[in-house]
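Here is a friendly briefing to read beside the structure. Have the viewer open, and pick out each residue as you go.

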Amino acid sequence: MPRIKLFVFISILLFSGYVTTNIVSYQAAKESLRSSIINTSLPLTRDNIYSEIQRDLMRPIFISSLMANDTFLKDWAIDGEHDVERVKRYLLHIMEKYKFFASFFVSESTGNYYYYNGILKKISEDVPRDRWYYKFTAKPEPYEVTVDTNQAARNTMTIFINHRVLDYDHKLIGVTGVGLEFDRIKNMLSEYRVRYDRDIYLVDTKGNIQVGARSGGITEANIKKAEGIAEIAPQILQVNYVSGNFEYDYKGEHMLLTSRYIPELDWYLLVVQNQNAALKSIWQNFVKNTMIGFVLTLLILGVIISMLNYYQNRLECITETNLVTGSYNRSDFVRTFETKAGEAKRNRSSLSVVIMDIDDFRGINDRFGHICADNVLERVSLVIAAELRQNDIMTRWGGDEFIVLTACSAEEANHLAMRIQDRINNDKDILKLTEKETVSVSVGISVLAEDDNEASITYRAETALSDAKEIGSNTIRTL
């Protein structure tokens, strides 16, 4: 009954404590959700994506700079652009080595547009799709990043890094550079969409969505025409070179939005979070955590009950057995003797008491130390126990004495004692402990008589043991 009450008390304490803590945590999470999304989570996602885009652009910018300063390219252009195969191989090598989508060189003197497969065309200021060259060369910047279609690759959307090439007198001799397939950016946004469960958009300065990784939300091609976000679109498109946080409502859902301007592309990065969906996920986590906590609490209760049972049984065992040898204690031997002696007298069967004493145990203690002596004592008890039958009882009788209660005649008990002596004399573990010094036991045996009680039979066995030790070590006497 006390154990059941303890179990009920611990159960109530664990369940109530966990449920209360979980409810408080859920309420706190709800309150902090808005602040967390606006100030931490959304900006972190936005900045991670921005950093990824920047990282993807830095390498081609560096390579285009190397190309613009490559003496081979300069000398080839200055010498009259002879042997197109040479520049063709050069551009193909750049593209394959660095895994770019395109590589090119446009000559200022001839207007030839060279790419990895030769001459693509001759540019002209009158052709609209060639005006990028004249606009760029009119600027002072050494390079620019633009998004355009790649005529050499079936007009695939491409991010171009254009870098001006100057001769040794710092005069313009052309523009070189590389191109990245725009799908790399699209794939990256899709990965972040799946990872963070947020809609992500790249929007130009006019509000047109150039790339979108979305689950719904903005369905129009221009944010100025999309439901909800159209009301804040002008403010979003006014933010240059800085980030901003905004909010709007869309079909009954409250949306949180953060933006950042990407100067290299002249686009805006928008990351949108559905606040209601985030609250739903917290509720699902609350339910899941409650169920997990319930299971864990049951496991903890199981462990506690197992430990209580184990230690209670251990305490009960300690009261009955000796800690060093693991044998029964003297009080338990007395109780067992009364039961077995009564059975033996009724059945007229044999019952013997065998007392064994380790010879010169004090000397072992002095020569090898207390720890070694305890280990020898434990090992001797194990050897004795190994020779006993299932119903035999062994008890530690004194400091280095053991008493065995066995249903044997005097002759059988004598044989048992001899086997035990032989085992102890030759036990490898004992010889290892004593550095090959043989350990022996002297034995006294007495057999149950009709008028015997526990005191009388053990007195005779002790007397027999005393006689055996007077004769010498490793001897046996029976009375």
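This is a predicted model: local features need pLDDT of at least 70, side-chain atom pairs count only at pLDDT 80 or more; totals for chains, interfaces and linings use all residues.

Residues are numbered from 1 along each chain as its sequence is written, and side-chain values use heavy atoms, with hydrogens and water left out. Helices (H or I, at least four residues) and strands (E, at least two) are DSSP runs numbered from the N terminus.

**Nonpolar cores**

- A nonpolar core here is a set of buried Ala, Val, Leu, Ile, Met, Phe, Trp, Tyr and Cys residues joined through side-chain atoms within 4.5 Å; buried means under 20% relative accessible area, exposed over 50%, and partly exposed in between (1.4 Å probe, protein chains only).
- The largest core has 50 residues, and those touching the most other members are Ile49, Ile53, Ile94, Phe100, Ile159, Leu189 and Leu202.
- Helix H1 (residues 2-68) provides the largest share of this core, 13 residues.
- A second, separate core holds 27 residues, including Ile358, Ala373, Leu377 and Ala417.
- Contact means heavy atoms within 4.5 Å; leaving aside neighbours within four places in sequence, the contacts of Ile159 include Leu57, Val145, Val178, Phe182 and Leu265.

**Pockets and the cavity**

- On a 1 Å grid over the protein atoms alone, a cavity is a set of points where a 1.4 Å probe fits but cannot get out, while a pocket is an open set with protein on both sides within 12 Å along at least five of seven lines; lining residues have an atom within 4 Å of a point.
- Grid points are joined across faces, edges and corners, and a volume is the space filled by probe spheres set on the points.
- The largest pocket has a volume of about 660 Å³, and of its 25 lining residues, Trp132, Glu144, Thr146, Val147 and Asn162 are the closest to its centre.
- Strand E4 (143-150) is among the elements that each supply at least two residues of that lining, and E4 gives the most, with eight residues.
- That lining divides into eleven nonpolar, five polar and nine charged residues, where Ala, Val, Leu, Ile, Met, Phe, Trp, Tyr, Cys and Pro count as nonpolar, Asp, Glu, Lys and Arg as charged, and the others, Gly among them, as polar.
- The second largest pocket has a volume of about 230 Å³; 13 residues line this pocket, and Asp204, Thr205, Gln210, Asp266 and Trp267 lie nearest its centre.
- E4 also provides the largest share of the second pocket's lining, three residues.
- One cavity of 30 Å³ or more turns up in a search of the whole structure, and the largest cavity holds about 60 Å³ of space.
- The cavity lining includes Phe101, Tyr113, Tyr116 and Asn150, and divides into seven nonpolar, two polar and no charged residues.

- H10 (residues 370-387) has 18 residues and reaches 26 Å from first C-alpha to last, close to the expected 26 Å; the expected span is 1.5 Å times one less than the number of residues.
- Buried residues of H10 include Cys372, Val376, Val380 and Val383.
- An α-helix has 3.6 residues a turn, so residues three or four places apart point the same way.
- Helix H9 (361-368) and helix H11 (410-426) are among the elements that cover the buried residues of H10.
- H8 (residues 330-347) also has 18 residues and reaches 25 Å, close to the 26 Å expected; its buried residues are Asp332, Phe333, Thr336, Phe337, Ala341 and Ala344.

**Single residues to look at**

- Arg348 follows H8 and has a positive phi, near 55°.
- Most residues other than glycine have a negative phi.
- Asp197 has a positive phi near 55°, lies in the loop between helix H5 (183-196) and strand E7 (199-204), and counts as exposed because its relative accessibility is 52%.
- Val441 is in strand E15 (residues 441-447) and counts as buried because its relative accessibility is 1%.
- Val441 and Glu401 are 40 residues apart in sequence, with 9.1 Å between their C-alpha atoms.
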